[in-house]
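Here's a quick tour of the ring contacts and the pockets. Have the model open and click along as you read.

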Amino acid sequence: MTTSGTYNNFNPSIGEIGLYAFNRVGVRPSAITQEHMEDLRMAANMLLLHWSNKQVNLWKVELVSVPLIQSVATYSVDPSVVLILDMYITVTNGSVSTDRYIMPISRTEYASYANKTQQGFPTTYWHDRLMAPNVTLWPVPDGQEASMNYYAVQQTQDAALQSGQTADIVPIWIPAFAWGLAEELAPAWGPEKLPMIAPRAKMMYDAAAATNVEQSAFYISPTLSSYWRT
């Protein structure tokens with residue numbers, strides 16, 4: 001058996017995937033016009049933004065580390081961050097670093113804290129998802145902590161057609177992207193094809209999403225301690 005011996009070399013450009021999607025819709029490559037390509041660019045960006053909303057796209061998760069400053073509670077977050085998954089505080093003592101996990105809270109919980117300037121080791125954080133988002137720690141760092149570290153889910157990068165640009169996805173998501181594009185394009189360029197394309201697009205998305213999970217054990221333990229009634 002002769003195989004290529006390569007992996008991930010198949011990574012067609014957005015334009016190439018778009019031609020494939022138009023073909024599924026019933027538009028032949030020879031019929032493609034500038035109007036088709038402009039619609040393709042818009043459809044590609046709409047689809048990637050939709051996927052960013054569905055979360056969590058594991059290939060877009062990265063670890064962000066921010067130095068902490070004594071008495072400073074609030075730190076800016078890059079606007080491309082869609083979601084913060086986990087956060088921990090690092091304390092450095094000489095050459096030894098220790099990490100401690102902290103928990104998210106809501107706006108209401110933060111508002112309920114009587115002393116918002118209280119200093120100590122942070123145990124909670126509030127992610128305020130504004131146009132210019134930020135994270136507020138409580139208690140406020142007291143100078144003993146080195147950094148705040150969090151796993152951030154980034155929004156997918158913009159889609160463009162020039163220079164053979166590729167989509168900001170991992171290769172195993174290419175089929176889902178192609179059929180998702182076909183579903184986006186069908187209402188305008190082949191509405192009669194939509195009843196066939198929509199189930200196929202969902203099947204491709206579901207197959208890719210099923211692999212887009214962390215493989216870890218999950219345990220549920222009941223509380224068995226005794227209790228008393230009065």
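What follows covers aromatic pairs, charges over rings, and then a pocket.

## Ground rules

This is a predicted model, so to speak of local features we need pLDDT of at least 70, side-chain atom pairs count only at pLDDT 80 or more, and totals for chains, interfaces and linings use all residues. Residues are numbered from 1 along each chain as its sequence is written, and side-chain values use heavy atoms, with hydrogens and water left out.

## Aromatic pairs

The count comes to 9 aromatic pairs. Here, rings of Phe, Tyr and Trp (its six-membered ring) pair if their centres lie within 6.5 Å; planes under 30 degrees apart are stacked, over 60 edge-to-face, and the rest tilted. F22 and W189 make an edge-to-face pair, at 6.4 Å centre to centre with 80° between the planes. F22 sits at 0% relative accessibility, so it counts as buried (under 20% relative accessible area; exposed is over 50%, partly exposed in between, with a 1.4 Å probe and protein chains only). W189, at 23%, counts as partly exposed.

W59 and W173 are tilted: 5.2 Å centre to centre, 55° between the planes. W173 is buried, at 1% relative accessibility. Ring pairs also tie W51, W59, W173, F177 and Y205 into a cluster.

## Charges over rings

K54 lies over the face of Y205, 3.9 Å from the ring centre. The rule asks for NZ of Lys or CZ of Arg within 6 Å of the ring centre and within 35 degrees of the ring normal. K116 lies over the face of Y110 too, at 5.6 Å from the ring centre.

## A pocket by the cluster

Which residues line the second largest pocket? Among them are W51, K54 and Y205. A pocket is an open set of points on a 1 Å grid over the protein atoms alone, where a 1.4 Å probe fits, with protein on both sides within 12 Å along at least five of seven lines; lining residues have an atom within 4 Å of a point.
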